[in-house]
Amino acid sequence: MQSSSIANPGPLGLLGFGMTTILLNLHNAGFFPLSSVILSMGIFYGGIAQVIAGLIEYKKGNTFGATAFSSYGMFWLTLVGLLFLPTLGLAEPTGPAFLGVYLLIWGIFTFFMFLGTLKANFVLQFVF
């Protein structure tokens, strides 16, 4: 099968990240508690769906898309793990300072991904 016959996974990956981010930000703003809605979106749509989009980008030969979607999918899965594993007694809760380091590392990753968009179209630059 030629890679040109494979559907574009971009909308799936972008919507998975965007919609999950909106729900988490509604929680962060204090409108809703951290609930199964946010955790489920983080696991299934923000996480697994983005990893699938990344694998499709890999199949299409798009290294940038594969890296972005797979990485951000794993971001959501690890974030849910950070929040949920302590409630199961499987890990100690992550303190605010260390969570800040985690988010800083992802911010640095996002900055470098943004640099990778500078020769791309404006929409891709805007997303990053």
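Reply:

**The cavity and its surroundings**

Helix α3 gives the most to the lining of the largest cavity, with four residues. Helices here are DSSP runs (H or I, at least four residues), numbered from the N terminus. This is a predicted model: local features need pLDDT of at least 70, side-chain atom pairs count only at pLDDT 80 or more, and totals for chains, interfaces and linings use all residues. Residues are numbered from 1 along each chain as its sequence is written, and side-chain values use heavy atoms, with hydrogens and water left out.

First, the terms. On a 1 Å grid over the protein atoms alone, a cavity is a set of points where a 1.4 Å probe fits but cannot get out. A pocket is an open set with protein on both sides within 12 Å along at least five of seven lines. Lining residues have an atom within 4 Å of a point. Points are joined across faces, edges and corners, and a volume is the space filled by probe spheres set on them.

The structure holds one cavity of 30 Å³ or more. The largest cavity has about 40 Å³ of space. Its lining is L24, L34, I38, L39, G42, W76, L79, V80 and L83. Two elements, α2 and α3, each give two or more of these residues. By class, eight are nonpolar, one is polar and none is charged. Nonpolar means Ala, Val, Leu, Ile, Met, Phe, Trp, Tyr, Cys or Pro; charged means Asp, Glu, Lys or Arg; the others, Gly among them, are polar.

Now the second largest pocket. About 260 Å³ of space lies there. It is lined by 16 residues, and L24, N28, F75, L79 and L103 are the closest to its centre. Helix α1 gives the most to this lining, with six residues. The lining has 11 nonpolar, five polar and no charged residues.

Next, the rings. Phe, Tyr and Trp rings (for Trp, the six-membered one) pair if their centres lie within 6.5 Å. Planes under 30 degrees apart count as stacked, over 60 as edge-to-face and the rest as tilted. The structure holds nine aromatic pairs. In one of them, the ring centres of Y72 and W106 are 6.0 Å apart and the planes are at 40 degrees, so the pair is tilted. Y72 sits in helix α3 and W106 in helix α4, 34 residues apart. Ring pairs link F17, Y72, F75, W76, Y102, W106 and F109 into a cluster.
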